[in-house]
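The report that follows describes selected features of the structure shown below, heading by heading.

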Amino acid sequence: MPKVLASIVGSYPRPPSVARLYSRLKSRRLSPEEFEKGLWGKIRALIKLLGDSGIRVLTDGMFWWDDIFNPFIRYVEGVKVGGLVRFYDNNFFFRAPIVTGKLSFRNGGFLKRVERSISLVREVLGEDALFKQPLPGPLTLATNSFDEFYGDVTELTSAWGERVLKPVIKELSALGVNAVELHEPSLTWVKVRGRAVGAGIEVLKDLIEGSGTEVWVVTYFGNLGRLGSRLKDLREAVVGVDMFSSRGVFKIIREAGLRKISLGLVDSRNTLMEDEGLMVRRVNLAIKSGAELVYVSNNAPMDFIPEPVARRKIKLLSRLQKRFR
Amino acid sequence: MSWVKVTLPALPTSVIGSYPRPKWLRDAIKAFRAGRLKEKHLREAFDDAVIAVLRDQEVAGIDIPSDGEMRRDEMVEYFAERIEGFKFYGPIRVWGNNYFRKPAVVGPLRRPKPMVLNEFLFLRRHARAKVVKVTITGPYTIADWSFNEYYGSKEDLAFELAKIINAEIKELEEAGATYVQVDEPALTTHPREMEWAVQAVNEAIKGVNIKVGLHVCYSDYRVLKPYFDELRVSQFALEFANRGFRDLRILKNLSKELGFGVIDVHNPRVESPEEVARAIEKVMKYVEPECLYVNPDCGLKLLPREVAREKLKAMVEGVKLVRRKLEARGLTEVELRRETTCG
């Protein structure tokens, strides 16, 4: 019997109360210790909220991340943090990595934070909850970097994968994360050329095989069908699909032989609530197409909708999960 | 209103629009929201703040100031609060810890009364400058930065908004405004929508006979370039400092004025006048000085006020360095132009 589980992909809307903590830290009205206490208190509250909604496959909401790249890129040698750049076609901006030298992961506190998220999830939801750590994927990193060193997108993608993500994933696996969520909007983004996409898939394939933990490859803002037969190379991963940007998804699942899929059934860029009946039909179609494990989730990080709307969408996912029990 | 000839110094300096609110204004807004300040006192605080930040700009030597958008919390929110048919669900993040309340369109849109006319009239009354700039968020950006729960498509929504903006700009013209800047930071976000997005902007300025600038920032200007001529504006105000003055090549063959962004508004480091001058000299390889205005990349509101002030001073000093060289070439002043071509 195929399994259907509700899951949160990437970020949950960062509440303004968390932003106030950052602001008070910056203006020294909070000590670093008070800030950490406040921040982790908010993360704990989110984990509890998600757990109470029946979500057991989750991230920590990424409250300590500004976007999918920051602060991660600050823990990488060979990178300078640059100016603000638009995140694909959203009114959302990130500080872009400028690659100025040979890349390598230098930790410097990154893993400690992940460790804290893992223990918090265990503490609040117990050992059976599955904690996923989101990271930017190699192609998404490469295509959103200003490259002043490698000179070629294929080489840069490979360097991000081999020299940064591989060691990070290894460390995360040792720490006990249940899965690593590689965010790869560039895989399906129309402006990224086929050659770069091919290189991205090669690097991903390598990361998936040598990871030692479950890997999710989460695509969004573009049509999954763009990957064509190359999707077969991601078969061992959980593939995240944006149901609002992709066409012919079930045919793709069948043809690529995808067994584990994360269906982005609620739209993180729209306040309207989705039709529950349609969601049920889509899950059934995914199962009929050969999926053995179907995660029902948000289609993209949730930074783009207000928190009260995100909360309603989470409840919707939770109700959907119940209907398949 | 008939168009009167106005001359400005060569390389006129301006701002994009917003300026940091003084601390006491932020306190007054908080007090009002908490019910501790009467509305008439808040109005007075807004007026005083406009005068204060206008003086900051004048002291810095800005030729074309704005009112700093003192009365606006945010560039889309402000209009969504004044157009019937919008609803707010809560704030969303734009970057880092910066939020805006993204509105949702839940019914037919209607403008019950003018939205920025009083801002302009107050600014005009108090500014010493010959020309002031009034900013208004464009129809595409309001549509793109809203959730559409009512109209059949984003295109329908944008054109409905274009009608509203057009009526507003015409009222400004009638009241004596000579320079309106339409802010469209979202314009290039969805390249597939560019064709109709450009038409929506043109619809918003249709029949307007004053100077109209178009501000587009943090965008892929390669998407904008094919529409340079089609957009019926006289100036593009673009951001370049944030991107380290990359992409200047897109300005090749630009046949309009450029409002050149030389100040990074998201970095508290104050640029030196020499840096500003170097940037201007760089851009003059692509744009004739007769067609060049100088401004920060974007609104200054996220900076501490003293940093914004220093940045404007540095910008003006940098411009003066270049003006000296232009003077030697015989270029000392330019005319305020409303034509949609330049050079």
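## A helix end in chain B

In which helix of chain B does Ala60(B) lie? Ala60(B) belongs to helix H2 (residues 39-60) of chain B, where helices (H or I, at least four residues) and strands (E, at least two) are DSSP runs numbered from the N terminus. This is a predicted model, in which local features need pLDDT of at least 70 and side-chain atom pairs count only at pLDDT 80 or more, while totals for chains, interfaces and linings use all residues. Residues are numbered from 1 along each chain as its sequence is written, chains are lettered from A and ligands numbered from 1 in the order in which they are written, and side-chain values use heavy atoms, with hydrogens and water left out.

With a relative accessible area of 5%, Ala60(B) is buried (buried means under 20% relative accessible area, exposed over 50%, and partly exposed in between, with a 1.4 Å probe and protein chains only). Once its neighbours within four places in sequence are left aside, Ala60(B) is in contact with Leu312(B), Lys313(B) and Val316(B), contact meaning heavy atoms within 4.5 Å. Ala60(B) and Ala328(B), which are 268 residues apart in sequence, stand 24 Å apart in space, C-alpha to C-alpha.

## The parallel sheet of chain B

Six strands of chain B form an open sheet with parallel pairing, in the order E4-E6-E7-E8-E9-E10; two strands pair if DSSP finds at least two bridges between them. Its edges are strand E4 (134-137) and strand E10 (292-295) of chain B, each of which pairs on one side only. Neighbouring strands of this sheet are turned by 25° against each other on average, direction ignored, with axes taken as lines fitted to C-alpha atoms, for helices over the stretch in contact, and angles running from 0 to 180 degrees between N-to-C directions.

Strand E9 (residues 257-261) of chain B pairs with E10(B) in the parallel sense over four bridges, and Gly259(B) stands opposite Tyr293(B) in E10(B). Helix H9 (residues 273-283) of chain B packs on the sheet, touching E9 and E10 of chain B, and its direction makes about 150° with that of E9(B).

## Aromatic pairs

Rings of Phe, Tyr and Trp (its six-membered ring) pair if their centres lie within 6.5 Å, with planes under 30 degrees apart counted as stacked, over 60 as edge-to-face and the rest as tilted. The count over all chains comes to 31 aromatic pairs. In one of these, the ring centres of Tyr75(A) and Phe110(A) are 5.5 Å apart and the planes lie at 55°, so the pair is tilted. Because Tyr75(A) lies in the loop between strand E2 (57-58) and strand E3 (76-86) of chain A and Phe110(A) in helix H3 (residues 110-125) of chain A, the pair ties together parts that are 35 residues apart in sequence. Tyr75(A) is buried at 15% relative accessibility, and Phe110(A) is buried at 0%.

Phe149(A) and Tyr150(A) have ring centres 4.9 Å apart and planes at 85°, so this pair is edge-to-face. Here Phe149(A) is partly exposed, with a relative accessible area of 42%, whereas Tyr150(A) counts as buried at 15%.

## A helix in chain A

Helix H10 (residues 307-323) of chain A has 17 residues and reaches 25 Å from its first C-alpha to its last, close to the 24 Å expected, the expected span being 1.5 Å times one less than the number of residues. Its buried residues include Glu307(A), Ile314(A) and Leu317(A). The buried residues of H10(A) pack against elements of chain A, among them helix H2 (32-52) and strand E11 (293-298), together with strand E2 (84-95) of chain B.
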